[in-house]
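Reader: I am new to this structure and would like to know what stands behind the words used for it. Please go through them with me.

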Amino acid sequence: MTAVRRCEVLVVGGGPGGLTAAIYLRRFRRDVIVADKGNSRLSLIPVSHNYPGFPGGVRGGELLGRLHEQLTCYGGAVDDLEITDLRKDGDIFIATHADGEIHTPVVLLATGVADAGLPVEDWRDAVAAGAVRLCPVCDGFDILDKKVAVVSQPHNRTGHALFMRTFSCDVTLFEREPQAPLSPAEEAQLRAANVRYIPSPLKGVTLTEGMAPVLHTEDGEDYQFDVFYPMLGEKARSTLAMNIGAACGDCEKLIVDDHQRTSVPGLFAVGDVVVGLNQISVAIGQAAIAATAIHNALPWQFRQCG
């Protein structure tokens, strides 16, 4: 027989959005299961300096640990589960995992995004050392006047380079897709901003012993920098929602309303998996909105007096 668990709300994803939603829901006295397979991008962040309340910065792993601890204060916990399938039977969602099923009227997805393939050896170590950075909105201020390399997709390569130019006088844009050369307008933008452009396609990135990124191009040249931003795009981890008909936008990100509701009744989503700005503070704000909407939509659980 298939083992079945039931709850009022299933939260899929144990990053800042999922954990914050679970904390709110437990404080609302709701029965919550949090399923997480331990791949939160928050754990990759060496130090975040733009998360409110930590003037000296906070390590991603530390913030994740604090959220876990706060959840336990209200009787919550995170289950080491990977939800592999999600379907609906009437008004009930059936979530499948290796050991059975979870039946619930409400699902909140906080599954995040996956970064496009990085041409970097030992990229996790490089991210941990700050040699490779994934979010200029998060940490552009932290690399002021460093020697910066950027590679990005053709649709916004100059935009990313110009954004980084606001933080450093030494920015170099590398080509990734030679079949889509720069337009004259793009070339003019880069020249006006004093951004160097390397037309020979980037073929890989290695690290020095001191964890400095070295970019290698197809013409045999090597270029060393302080920081490398591979802005190669991302893909939302939204397959569970898409399989039951949830509407998506660019990068398969879920479209939600002002209460974080997807187009599938009972299915909510927060954080990087939804259309919007990828930021910890945004995910946490969305989690508060979603959890409150979920609580108000569920049947009341009146406090027993006696």
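Author: Contact here means heavy atoms within 4.5 Å. The model is a predicted one. Leaving aside neighbours within four places in sequence, Val 9 is in contact with Leu 25, Asp 31, Val 32, Ile 33, Thr 104, Val 106, Ile 294 and Leu 298.

Reader: What makes a group of residues, such as the one with Val 9, a nonpolar core?

Author: A nonpolar core is a set of buried residues of nonpolar types, such as Val, Leu and Ile, joined through side-chain atoms within 4.5 Å. The largest one has 29 residues, and Val 9, Leu 108 and Ile 294 have the most contacts inside it. Strand E2 (9-12), helix H1 (16-27), strand E3 (32-36), helix H2 (60-72), strand E8 (106-109) and helix H8 each give two or more residues to this core. H8 supplies the largest share, seven residues. Apart from this core lies another, of 24 residues, among them Ile 33, Leu 240, Val 264 and Val 273.

Reader: Why is Gln 286 called buried?

Author: Buried means under 20% relative accessible area. Gln 286 has 12%, so Gln 286 counts as buried. Gln 286 is placed in H8, which covers residues 280-297. Not counting residues up to four places away in sequence, Gln 286 touches Gln 260, Val 270, Gly 271 and Val 274. In the chain of 306 residues, 47% count as buried.

Reader: How do you know that strands E10 and E11 pair?

Author: Two strands pair if at least two bridges are found between them. E10 (residues 148-152) and E11 have four, in the parallel sense, so they pair by this rule. In this pairing Val 148 stands opposite Val 171 of E11. E11 also pairs with strand E12 (residues 196-198), in the parallel sense over three bridges, and there Leu 173 stands opposite Tyr 197. Five bridges join E10 to E16, and these strands run parallel; Ala 149 stands opposite Phe 228 in E16.

Reader: What makes E12 and E16 the edge strands?

Author: The four strands form an open sheet in the order E12-E11-E10-E16, with parallel pairing. E12 and E16 (227-231) each pair on one side only, and they are the edge strands. On average, neighbouring strands of this sheet are turned by 20° against each other, direction ignored.

Reader: Why are the crossovers around E11 called right-handed?

Author: With the strands pointing away from the viewer, a right-handed crossover takes a clockwise path from the first strand over the helix to the second. E10, helix H5 (residues 157-165) and E11 make a right-handed β-α-β unit. From E11 the chain crosses through helix H6 (residues 184-193) to E12, again as a right-handed β-α-β crossover.

Reader: How do you know that the buried residues of H5 line one face of the helix?

Author: In H5, Arg 157, Thr 158, Ala 161 and Met 164 are buried. Seen down the helix axis, the buried residues of H5 fall within an arc of 125°, so they line one face. What covers them includes helix H4 (136-139), E10, E11, H6 and E16.

Reader: What makes strand E11 covered on both faces?

Author: On one side of E11 (residues 171-174), Val 171 and Leu 173 are buried, and on the other Thr 172 and Phe 174 are buried. Each of these residues is therefore under 20% relative accessible area.

Key: Residues numbered from 1 in each chain as written. Predicted model: local features only at pLDDT ≥ 70, side-chain atom pairs only at ≥ 80, totals over all residues. Heavy atoms only, no water. Buried < 20%, exposed > 50% of the residue type's maximum accessible area, 1.4 Å probe, protein only. Axes fitted to C-alpha atoms, helices over the stretch in contact; angles between N-to-C directions. Arc of directions from axis to C-beta.
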